[in-house]
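Me: Please take a close look at one part of this model for me. I would like the charged surface patch, then its setting in the chain.

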Amino acid sequence: ASFTMKFGHRMDEEAVERFRLHYLQFSLLKRELKLGFEKENHTLATFMSKTGMPSFIRKLEPLPAADMAFVQLLDRELDRVNSFAMAKEREVCTQIWHLLAQLRVSKRVQEVDATRMIQRVEEVEHDIVDLERFCRLNFVGFVKIIKKYDKVRGMQARPWFVARLMQDPFCNLDLGTLLVHF
């Protein structure tokens, strides 16, 4: 029998420890998804008609309160992840710029501390790899939570959400180019 790990546990195990506070709060979203709909006593039957479409889509009504609360929480999480990833990318770019500037100055003065320079380059490389891991794991987390939303709500929001997600900054960091600088 194969063991399938729940994504929340996988996220905990694979997260870059020093970035831990900045990851998508998958467990919180999952809990809010479950509790939000239980609290309002929504059932799938409340929103489904004979056509299988949720009533708020058929009638072009606003999203029910539980859906709105979940979407707002999801948006806040996206903003948090994007903000951290962009700040970290700027930090890495600044480190690269400083390293290159230091190398140019050191070459002119013939004072290259090769061991220290290699250590700093390796630190920046680790930052880039960790940032890529952060972005990948968060992307999977967002896709997984919207898949759960679709399942709970009987919807198909995932294609729209993934298309939107692909436009978010954390999905569009050019980390490979940063590695090539070395």
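Reply: Start with Lys30. Its relative accessible area is 34%, so Lys30 counts as partly exposed. The model is predicted, so that value is computed from predicted coordinates. Patch members need over 30% relative accessible area and no salt bridge. Lys30 sits in helix α2.

Now the patch itself. Lys30 gathers with Lys6, Lys34, Lys144, Lys147, Lys148, Lys151 and Arg158 in a surface patch of positive charge. Two elements, α2 (26-39) and α6 (114-153), each give two or more residues to this patch. The largest share is that of α6, with four residues.

Next, the setting. The chain is built from eight helices and zero strands. Read from the N terminus, the order of elements is α-α-α-α-α-α-α-α. Of its 182 residues, 35% count as buried.

A disulfide is a covalent bond between the sulfur atoms of two cysteines. The cut-off here is 2.5 Å between the sulfur atoms. Take Cys135. The closest cysteine sulfur to its own belongs to Cys171, at 7.3 Å, which is too far for a bond. The count of disulfides by this rule is zero.

Cys135 has a relative accessible area of 8%, so Cys135 is buried. Cys93 is partly exposed, because its relative accessibility is 32%. The boundary for buried is under 20%.

Key
Residues are numbered from 1 along each chain as its sequence is written. This is a predicted model: local features need pLDDT of at least 70, side-chain atom pairs count only at pLDDT 80 or more; totals for chains, interfaces and linings use all residues. Side-chain values use heavy atoms; hydrogens and water are left out. Patches are made of residues with over 30% relative accessible area and no salt bridge: like charges are joined within 9 Å, nonpolar side chains (Val, Leu, Ile, Met, Phe, Trp, Tyr) within 5 Å. Accessible areas come from the Shrake-Rupley method with a 1.4 Å probe; for residues, only the protein chains shown count as cover. A salt bridge is a side-chain nitrogen of Lys or Arg within 4 Å of a carboxyl oxygen of Asp or Glu. Lys and Arg count as positive and Asp and Glu as negative; His and the chain ends are not counted. The place of a charge is taken as NZ of Lys, CZ of Arg, CG of Asp or CD of Glu. Buried means under 20% relative accessible area, exposed over 50%, partly exposed in between (1.4 Å probe, protein chains only).
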